[in-house]
Amino acid sequence: MMSHDQYDAIAALDAIGAADADEASALHAHLASCPDCRRARDEYAEAASLLARDLDPVDPPRQLRDRIFKSIDRGNVVDARERFGISRWWMAAAVVFLALWGWRELSVRMMREKVNSRDADIRRLAGQNQLLTARNEKLSAEMASLASRDTRTIALTGQQVSPSASAKVFLEPQQRRAVVFFYNLPPNAADKSYQLWILRADQPKPQSAGIFDVTPSGAASISIENLPLATEIKGLAVTLEPKGGVEQPTNTNFFVAGST
Amino acid sequence: MTAAMNTSVQTSSLLPAVAHGDMGAFEQLYDRHSSTLYALLLRILSNPDDAQEVLQETFVKAWTNAKMFDSVRGSDVAWLISIARSRGIDRLRSRRIRGDREDEAGREISGSFGFVEKRTGADDAIQSEERSAVRSALAELPESQRVALALAYFEGLSQSEIAERLGEPLGTIKTRMQLGMKKLRERLKAFR
């Protein structure tokens with residue numbers, strides 16, 4: 001089951017249309033039952049609109065305005081007096097309707113609530129199913145990385161801040177992907193994430209390869225796609241960073257590190 | 001953020017009146033936001049004919065679906081932008097499938113969101129204030145985050161496509177976009 005932080009991270013991407021299909025459907029299933037995450041998603045959508053509002057406005061041609069207003073069905077415009085008349089009629093009709101069919105309305109409402117609740121369950125289960133499918137695919141890809149003939153293994157060792165920690169990297173150079181397993185890392189605080197860095201021979205600054213949290217036993221795994229060429233990877237290291245990760249490491253307290 | 005920004009960002013919502021069939025409110029809605037939406041569609045589609053067609057679809061949809069708008073969940077302009085962007089990206093993708101786009105491969109990657117064609121009429125003072133507030137919010141994002149967000153938002157590229165285009169690991173791109181969006185959201189909260 002994903003945490004609210006993970007849903008929040010997906011909501012950020014979903015607002016600009018960049019969430020994966022699996023992530024997006026899991027998020028939307030979750031939103032049906034989580035007002036906090038729904039609010040976060042709405043706020044991201046509002047934030048995304050800033051990207052458009054930054055553009056210099058350009059007036060569309062005047063004829064377009066006319067065309068749009070002509071294409072709108074003016075029959076839908078309700079005259080205020082007419083609307084008042086209609087609403088009075090509807091109010092009277094509604095009273096009669098409620099008097100005659102009140103009990104039935106109540107049962108319909110109860111049935112509807114049941115249906116809605118089942119729909120929400122179905123959506124939630126569908127989301128979980130998609131998530132499990134995605135995880136299954138990820139595991140299959142990881143297994144393929146582990147089992148490939150070309151896979152290289154790199155050991156990352158615990159550093160001064162966590163001498164007993166370690167990690168194993170299974171690097172598949174042909175596919176430019178890797179799976180990393182971490183052991184004995186200290187549990188990270190709720191406002192912190194571990195972040196894996198790639199130290200490159202061809203670039204002065206390290207590159208983020210992803211963020212992760214550890215289980216209470218200090219274990220974690222992460223898969224990395226679209227890696228640089230193997231010859232460009234000088235080493236890998238892990239730091240503890242603010243929740244959600246950062247562009248560049250904020251400290252040099254490596255928890256595990258190693259060179260290729 | 002300044003008081004000016006408060007007033008600029010929060011303008012009264014017209015969509016509830018539009019939902020009740022108020023054509024005057026709809027005209028006001030068009031006059032207030034059409035130039036922003038048109039600029040967005042030109043940025044996405046790079047073609048005035050397509051941009052005008054999608055702009056028309058956007059406003060027709062706004063008219064018919066206005067009752068679905070909930071002002072508690074967001075602003076008029078964000079709702080309209082989301083319709084226009086989604087339709088614009090759909091149009092862009094169908095063009096890509098048809099292979100109409102000649103300049104796709106050589107499209108310039110830029111962190112600037114600005115479109116070169118300026119609006120010729122006198123900008124409304126409120127809109128102008130709002131835009132400078134928005135611009136300062138975006139200026140706080142590092143270039144690398146702006147570029148990644150722009151590729152997703154204006155070109156409809158997936159995380160993997162962006163990673164491929166920029167030659168960076170997928171994890172880097174994902175983190176970069178998430179951080180950029182979090183910053184924008186915090187900034188938006190600050191001037192609400």
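Predicted model: local features only at pLDDT ≥ 70, side-chain atom pairs only at ≥ 80, totals over all residues.
Biologist: How many bridges link strand 4 of chain A to strand 7 of chain A?

Modeller: Strand 4 (residues 192–200) and strand 7 (residues 233–242) of chain A pair over nine bridges, in the antiparallel sense. To find the place in the structure, take A:Tyr194, which stands opposite A:Leu240 in strand 7 of chain A.

Biologist: And what joins strand 4 of chain A to strand 5 of chain A?

Modeller: A hairpin does, through six residues. Strand 4 and strand 5 (residues 207–212) of chain A are antiparallel and share five bridges. A:Leu196 has A:Gly210 in strand 5 of chain A as its bridge partner.

Biologist: Which residue is the bridge partner of A:Phe170 in strand 3 of chain A?

Modeller: The partner is A:Val179. This pair belongs to strand 2 (residues 166–172) and strand 3 (residues 177–183) of chain A, which run antiparallel and are joined by seven bridges.

Biologist: Now the helices. Why is helix 1 of chain A said to be largely enclosed by the rest of the structure?

Modeller: The test is burial, counted residue by residue. Helix 1 (residues 4–14) of chain A has eleven residues and eight of them are buried, so the rest of the structure largely encloses it. The buried residues are A:Tyr7, A:Asp8, A:Ala9, A:Ile10, A:Ala11, A:Ala12, A:Leu13 and A:Asp14.

Biologist: Which residues touch the most other members of the largest nonpolar core?

Modeller: They are B:Leu41 and B:Ala152, in a core of 76 residues. Helix 3 of chain B brings the largest share of this core, eleven residues. Leaving out residues up to four places away in sequence, B:Leu41 touches B:Ala51, B:Val54, B:Leu55, B:Ala84 and B:Gly88. Another core, of 28 residues, lies apart from it and includes A:Leu236, A:Val238, A:Phe254 and A:Phe255.

Biologist: How many residues does each chain bring to the contact between chain A and chain B?

Modeller: Chain B gives 67 residues and chain A gives 50. Several helices of chain B supply at least two residues each, among them helix 4 (48–65) and helix 6 (125–139). Helix 9 of chain B gives the most to the side that touches chain A, with 13 residues. By class, that side of chain B has 31 nonpolar, 22 polar and 14 charged residues.

Biologist: At what angle do helix 3 of chain A and helix 5 of chain B pack?

Modeller: Helix 3 (residues 35–53) of chain A and helix 5 of chain B pack at about 75°, and their axes are 9 Å apart. The two helices are therefore roughly perpendicular to each other. Helix 3 of chain A makes this contact with A:Ala45, A:Glu46, A:Ser49, A:Ala52 and A:Arg53, while helix 5 of chain B uses B:Val77, B:Ala78, B:Ile81, B:Ser82 and B:Arg85. By class, the residues of this contact are five nonpolar, two polar and three charged.

Terms used. Residues numbered from 1 in each chain as written. Chains lettered and ligands numbered in written order. Contact = placed C-beta atoms within 7 Å. Helix = DSSP H or I, 4+ residues; strand = E, 2+ residues; numbered from the N terminus. Nonpolar A, V, L, I, M, F, W, Y, C, P; charged D, E, K, R; others polar. Core = buried A, V, L, I, M, F, W, Y, C linked by C-beta atoms within 7 Å. Buried ≥ 20, exposed ≤ 12 C-beta atoms within 10 Å, placed from the backbone. Pairing = 2+ DSSP bridges. Axes fitted to C-alpha atoms, helices over the stretch in contact; angles between N-to-C directions. Parallel < 35°, antiparallel > 145°, perpendicular 65-115°, else oblique.
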